[in-house]
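Open the model in your viewer and keep the selection tool at hand. The stops below tell you what to select next and what to look for.

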Amino acid sequence: IEVFRETTSTNDIIEKLARDGVKEGVVVFAESQTKGRGRLGRRWISPRGQGLWFSILLRPELRPTEATQLTILAATALAEAIRRHTGLAPEVKWPNDLLLRGRKVAGILTELTAEPDRIRHIVLGIGLDVNQAAADFPTDLRRTATSLRVEAGRPFNRAELAAAILRALDQDYARLKDGQFEQIAGEWEELCTTLGRQVVVAIGSRRIRGRAESLDSEGALLVRTEHGHLERITGGDVTLEK
Ligand code: BTN
């Protein structure tokens, strides 16, 4: 485990270590990131000392199409660790957001380097808003983002929380390697508010509207469209409808 005072993005540091041939399991935290990024090219604001901004190098023996399994595993482990440590009960929005009272508290960025039929490595990046006060969020995010402190009404020790999260991730990664993805997916489904809801999935300029039914064995979201087709969603941006 390495901790930086400041980096561009912890995913960049891990990516470099991966290319240098470092073994899986290395974790990099940063107190702040100058170029924190989210999915779909979005920015991730990472103010100094207020959250947990970190990335992990993994080298799972999976096909590239199975990479979503890691995001699902990470969301499940993260939600469970937060629940045990804080008493708060995060919900999961497919595939990578953790919500508290409908507001985003954490995100996961899974970046993949692969050959056509084999993953070379995965950089699992996690951002968790821990100790920000509501006023610390930029105005455009105040209605959609939150922190553990805002929700619980008290601050948390980030080192203890980080240890709890890494332990949960470690345990679930061992379960994945042991062929237990189905069980993890079952736990994820319990936490997931996306299932059973009407959703709109934006993939580039395409929009798919329908009901989120379930996950398949690779972690893709199965959406029953208005026309009765079952669409298999592996990426894109999901919006929950009322
Ligand atoms: C998302 O919600 O779109 C994913 C956000 C992921 C943010 C984390 S913070 C640590 C790691 N480094 C980054 O630049 N991004 C991830």
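Helices (H or I, at least four residues) and strands (E, at least two) are DSSP runs, numbered from the N terminus. Residue numbers start from 1 along each chain as its sequence is written. The model is predicted, so local features need pLDDT of at least 70 and side-chain atom pairs count only at pLDDT 80 or more, while totals for chains, interfaces and linings use all residues; side-chain values use heavy atoms, without hydrogens and water.

**Stop one: T10**

Select T10. It sits in helix α1 (residues 10-19). Is T10 buried or exposed? T10 is buried, because its relative accessible area is 2%. Buried means under 20% relative accessible area, exposed over 50%, and partly exposed in between (1.4 Å probe, protein chains only). Now show what surrounds T10. Leaving aside neighbours within four places in sequence, T10 is in contact with V28, F29, A30, Q33, W53, F54 and S55. Contact means heavy atoms within 4.5 Å.

**Stop two: β1 and β2**

Select strand β1 (residues 2-7) and then β2. The two run parallel, joined by 5 bridges. Strands pair if DSSP finds at least two bridges between them. In β2, 6 of the 7 residues are buried, so the strand is mostly covered.

Move on to T34, in the loop between β2 and β3. T34 touches E6, T7 and T8, not counting residues up to four places away in sequence. Draw a line from T34 to S9. They are 25 residues apart in sequence and 6.9 Å apart in space, C-alpha to C-alpha. L40 lies in the loop between β2 and β3. L40 has a positive phi of about 55° although it is not a glycine.

**Stop four: the ligand**

Which residues come nearest? Of the 21 residues around the ligand, they are S9, Q33, R37, R39 and K104. A residue counts as near if one of its heavy atoms lies within 4 Å. Next, look for polar contacts, pairs of N or O atoms within 3.5 Å; within protein, one must be able to donate a hydrogen and the other to accept it, and residues adjacent in sequence count only if both atoms are side-chain atoms.

- Q33: a polar side-chain atom lies 2.9 Å from a nitrogen atom of the ligand.
- R37: a backbone N or O atom lies 2.8 Å from a nitrogen atom of the ligand.
- K104: a polar side-chain atom lies 2.5 Å from an oxygen atom of the ligand.

Taken alone, the ligand exposes 420 Å², and the protein buries 98% of that. Accessible areas come from the Shrake-Rupley method with a 1.4 Å probe; for residues, only the protein chains shown count as cover.

**Stop five: two backbone details**

Select W94 and P95. A cis peptide bond joins them, with omega of about -5°. P95 lies in the loop between β4 (91-93) and β5 (97-100). Then find R101, in the loop between β5 and β6 (103-115). R101 has a positive phi of about 45° although it is not a glycine. R101 is exposed, because its relative accessible area is 65%.

**Last stop: α4**

Select N157. It caps the N-terminal end of α4: a side-chain oxygen lies 2.9 Å from the backbone nitrogen of A159. Buried residues of α4 include L161, A162 and I165. Their cover includes β7 (118-129) and α5 (181-191).
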